[in-house]
Amino acid sequence: MNVFTEALAWLFSPDRWVGPYALPVLFGQHMYFTLVSVVIAAVIAVPLGWLIGHTGKGREVAVAVAGAARAIPSFGLMVLLVLLLGVLRIPEAAIITFVLLAIPSLLAGAYTGLEAIDRRILDSARAMGMTEWQVFWKVEVPLGLPLLVGGIRAALLQVIATVTIAAYINLGGLGQPIIQGIPLRKFDQVLGGAILVAVLALIVDLLLAIVQHAVVSAGVRSAPQKRRSRSALKAAAPATA
Amino acid sequence: MFTARKSRLALAGGVSLVAALTLGGCASSNPLDAPSEDSGSGSGDTIVIGSQAYYSNEIIAEIYSQALEAAGFDVDEQFSIGQRDAYMPDVESGAIDVFPEYTGNLLEYLDKDATATSPEDVYAALKEALPEGLTALDYAEASDQDTYTVLKSFAEENDLTSIGDLSKVTTPVTIGAAPEFEQRPYGPAKAKEVYGVDLGFSATGPTTLESLLAGEIQVADIYSADPAFQTEDIVALEDPENIILASNVVPIVSSDVADEVSDVINAISAKLTAEELVALNVQSTVDQKSASDIAEQWLADNDLS
């Protein structure tokens, strides 16, 4: 048997459904840390990104900070935070790490979504008598939504892949079979865990691709100039203007 | 709490390259041979001593080195040569003459199916498993192996001396260790089988000691040579049935020089007790003393220099 069939045998063994490291438990832990981290990151990054996109101020700072944040080594940061916060606050240390990981993608998604809107659309919205608040909520946010969802998609993928390291500090998740298997040289288990993380990432990516498509504003979608869905925003500009 | 010897595989690759270069050099044209020509001793008399990239191992190698030097040998120190995968080829080829090793871990490396666990059995099995040209001298009482360790206060409250006594504890008991401990042959399942002890498991990994001190777990797997045994109020539970793989400090020497160096090195092993090794490690991690200073002091204290 090669290692791949062994990994599948490991995955489908009835042993995977019992005990403290049953796969449903690990899956639940993995999703818990992923969702909590991305939600916290979104609460911080999305309003900030919208503010930057709407006002056009602080863009350079945001690009620089987000770029630098992408270079933070998550594993090192997580272990450092565990040392700083102590063993009783391990989940907090992990969540801070994953929040910092998710922020750059979300921030970029939020402000580029607003930036990509043709200025003439905003001018016409103002010309129609909309207040700044209405311009923001009724024009900018809906038109920027596909790119924001793109940012959420990227953040979720990164966090799902990285939550794997949480098992190193006793938080479980789908990284547990990987991190336990390497020193034992149980490569069926290592590969089995890796397959699960990859499949989870692909499923989440697919779901968000559908969401990203669905949130394209109705007005943009029905525009006659629309040829390819990718260029929906640009094509929509002359039609609405 | 890092399981240092096991989790440095990544380093091994890079270090092995350096080791290959340096050791390759000393095999063909050793610059240290040149001055010794005057004293008349041939190049074959230089004893090459190696060590792992692990501070505790380096201290032991330094002790061997200084003792051999005091006994009149020319020594060449090749320390910090990564992990077993990196240095064993050079030990087997004879490029390194003396290397401080650990009985159980080395036996596991040489023979994956080995079943011996007690110090004597492991040593006997190791002698069998060693490749041609290598000899194991006497092993020391000091060891660097897994333990079932508890807080002293917890041991007193529950009257614990051995692992089996844990079954007397009425509250749930959890053991913390590296994630792979759960499936090791001396893990919680074996404790249940041999001692009838029900233990929960927590993959505390690098925070095992801190988790024990914080009360998150009641039992911890801490290496027996860890400085914490001196600096914290913890005690390792006895293992009368030898479920844990014994891993005593053992000098592995090339058979060519075994007879020459055995007296000097066996005298060291005879004095190297478990407490002594922990104390040596404390001097390195807490007092930040260099391996050579620690070795010099220890040899003087034990009348070996």
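Start with helix H3 (residues 59-70) and helix H5 (residues 90-115), both in chain A: they pack at an angle of about 145°, with axes 8 Å apart. Axes here are lines fitted to C-alpha atoms, for helices over the stretch in contact, and angles run from 0 to 180 degrees between N-to-C directions. Helices are DSSP runs of H or I, at least four residues, and strands are runs of E, at least two, numbered from the N terminus.

A word on the source. This is a predicted model, where local features need pLDDT of at least 70, side-chain atom pairs count only at pLDDT 80 or more, and totals for chains, interfaces and linings use all residues. Residues are numbered from 1 along each chain as its sequence is written, while chains are lettered from A and ligands numbered from 1 in the order in which they are written.

Back to the pair. Which residues of H3(A) meet H5(A)? They are Arg59(A), Ala62(A), Ala66(A), Ala69(A) and Arg70(A). Their partners in H5(A) include Leu100(A), Ile103(A) and Tyr111(A). By class, this contact has nine nonpolar, no polar and two charged residues. Nonpolar means Ala, Val, Leu, Ile, Met, Phe, Trp, Tyr, Cys and Pro; charged means Asp, Glu, Lys and Arg; the others, Gly among them, are polar. Contact means C-beta atoms, placed from the backbone, within 7 Å.

Now the whole chain. Chain A has 11 helices and zero strands. Its C-alpha trace spans about 70 × 40 × 25 Å along the principal axes. Of its 241 residues, 38% are buried. Buried means 20 or more other C-beta atoms within 10 Å of the residue's own, exposed means 12 or fewer, and partly exposed is in between; C-beta atoms are placed from the backbone.

Next, helix H7 (residues 132-162) of chain A, which holds Val141(A). Val141(A) counts as partly exposed because it has 19 C-beta neighbours inside 10 Å.

H7 is also a partner of H9(A). The buried residues of H9(A) pack against helix H1 (3-11), H7 and helix H8 (176-184) of chain A. Among those buried residues are Asp188(A), Leu191(A) and Val197(A).

Last, the partner chain. 14 residues of chain A are in contact with 17 residues of chain B. H8(A) gives the most to that side of chain A, with five residues. The residues on that side divide into 11 nonpolar, three polar and no charged.

Notes. Contact = placed C-beta atoms within 7 Å.
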